[in-house]
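Student: Could we go through this one together? I'd like to know what stands behind each label.

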Amino acid sequence: MKIASLSFIVLALCSLNATAQRRYEHDRVYTANQVSNTISVVDPSNNTFLGEINLGKPYPNVLSPLYKGQSLVHGLRYSAQRKMLAAVAIGSNSVTLISTEDNKVLKTIYVGRSPHEPTFTPDSKQIWTSVRGEAYVSVIDVDQMTEVRRIPVADGPGMISFTPDGKQAYVCSSFTPEVDIINTSTYAIVKKIQVTSPFSPNIFTSPKGEWIAMTHKDVGKVTVINTATQSVTKVISTGAITNHVTFTYLNNKLLMLVTVGGENKVRVFDVAQDFKQTDTINVGALPHGIWPSPDGKLAYVGLEYADQVQGIDLQTMKVLPPVQIGQSPQALVYADHAVANTKSKIGLSALDDTAATQVVTLKSGQSNDKAIGRLAIRSIGLADLVEQIFNFLKPNTSYTLALSKSAAAPFSIGYEINTFETDGIGKYLGQSTGLIKKLGGSDEQAYKHVILIDNATKKVILADNL
């Protein structure tokens with residue numbers, strides 16, 4: 001009798017596990033990778049990488065005058081009705097439509113200068129794309145797969161988010177401190193809302209449409225707009241390099257999730273408690289895009305510097321093991337029922353980059369000094385791409401980023417990577433190329449540290465491993 005009961009329990013647990021697996025097996029997680037110019041595909045049912053959809057070649061191949069692929073693959077959106085991805089490439093001014101069933105490119109549509117993010121209308125009949133290098137939204141008819149209209153908006157539109165009924169579109173800007181509300185029947189701007197800063201790359205509507213949230217990457221804040229009053233309800237300080245925001249219901253509780261790239265965190269806010277922060281989840285290097293599963297129990301995050309995606313179990317607020325993907329993931333979407341054939345990998349290729357990205361953190365070594373730098377060093381052919389973010393330095397000040405062969409202080413300069421000047425709040429974001437390859441080798445001639453020098457005082461103010 002005891003053996004029979006134990007067998008029953010084991011069978012029941014196996015059945016529950018199989019059910020949990022089946023719950024997500026038709027779903028996929030996709031990321032738009034800006035350096036490798038690929039779309040990575042991950043199976044959330046077993047948290048594994050499936051392959052890459054190649055839209056172009058990785059850097060520096062895109063610099064050839066004969067290059068014909070997509071460049072700076074960045075924006076991404078999914079339509080469950082169409083089983084279709086829309087991927088924006090900033091450098092080649094394009095929106096590429098991809099079937100999720102077979103990973104085939106259906107068509108590439110060229111729009112204006114430097115588009116940023118595509119968004120399907122709620123009925124999936126149109127794709128509205130923010131053309132950030134100009135001052136309009138490009139409207140693509142999905143059946144015709146062609147641009148049918150341009151809607152003038154404030155300079156530098158960042159992204160569009162629709163109300164669930166599709167009657168209104170909210171357009172944030174990356175160059176103008178303003179949100180434009182558009183009537184989708186007349187394509188006319190019906191209201192302009194002033195916001196706290198000009199750089200808003202990401203905007204998202206709550207599932208029932210009560211709230212619109214938008215990030216301010218430059219000042220580390222999130223603005224929440226009440227759609228009933230069409231006014232700003234709250235501005236929340238979230239942290240340096242606040243990237244993306246989203247909403248999800250978990251056990252009937254509405255949560256707002258925010259990726260904070262400068263702190264490697266995802267912050268969780270309870271909307272019913274007046275957007276009170278309830279959890280902070282530590283994730284990998286530079287979280288960017290984020291999207292929840294439809295049941296609200298999972299969220300996936302793209303790690304821009306680590307070249308990984310990382311799942312979060314929202315029921316426990318614990319992270320899943322990271323999954324290696326293409327280089328520099330930006331936008332991420334969780335696509336429910338993206339595929340019918342769960343075993344198919346048609347149209348997918350293996351990862352093309354075999355060298356792991358080095359993620360380096362620079363600090364001052366003084367506990368009261370908040371100055372910090374983060375680098376991602378990627379192999380790109382014969383050279384290295386050094387992506388860099390610095391925060392809490394002196395405003396409007398010139399610095400030099402360099403390599404040193406010194407094993408300990410005082411550090412001497414062995415190789416200058418680049419110089420830069422901070423903005424008015426002591427921040428710098430940029431990138432450069434050079435010959436770095438690997439830090440910390442045993443060879444006496446190898447570079448031992450990365451250092452940051454104040455060009456006015458000639459003092460080393462930040463270094464790695466301090």
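**Labels and their cut-offs**

Student: What makes Arg378 and Asp307 a salt bridge?

Tutor: The closest N and O atoms of Arg378 and Asp307 are 2.3 Å apart. A salt bridge needs a side-chain nitrogen of Lys or Arg within 4 Å of a carboxyl oxygen of Asp or Glu, so the label applies. Across the interface of domain 1 and domain 2 the rule finds 1 salt bridge. Before we go on: this is a predicted model, where local features need pLDDT of at least 70, side-chain atom pairs count only at pLDDT 80 or more, and totals for chains, interfaces and linings use all residues. Residues are numbered from 1 along each chain as its sequence is written, and side-chain values use heavy atoms, with hydrogens and water left out.

Student: Which residues belong to domain 1 and domain 2?

Tutor: Domain 1 covers 24-335 and domain 2 covers 358-464, with bounds from an automatic or database domain assignment. Their C-alpha centres lie 30 Å apart.

Student: How do you know that domain 1 and domain 2 are in contact?

Tutor: Contact means heavy atoms within 4.5 Å, and 18 residues of domain 1 meet that with 16 residues of domain 2. The buried area (accessible area, 1.4 Å probe, that two parts lose on being put together, summed over both) is about 1,300 Å² between domain 1 and domain 2, with 60% from carbon and sulfur atoms.

Student: What is the salt bridge count by this rule, and what does the pair Arg28 and Asp43 tie together?

Tutor: The count comes to 12 salt bridges. One of them joins the side chains of Arg28 and Asp43 at 3.6 Å, N to O. Arg28 sits in strand E1 (residues 28-33) and Asp43 in strand E2 (residues 38-43), so the pair ties together parts 15 residues apart in sequence. Strands here are DSSP runs (E, at least two residues), numbered from the N terminus.

Student: Why is the pair Tyr415 and Tyr447 called tilted?

Tutor: The structure holds 8 aromatic pairs. For Tyr415 and Tyr447 the ring centres are 6.3 Å apart and the planes are at 45°, so this pair is tilted. The rule pairs rings of Phe, Tyr and Trp (its six-membered ring) with centres within 6.5 Å; planes under 30 degrees apart are stacked, over 60 edge-to-face, and the rest tilted.

Notes. Helix = DSSP H or I, 4+ residues; strand = E, 2+ residues; numbered from the N terminus.
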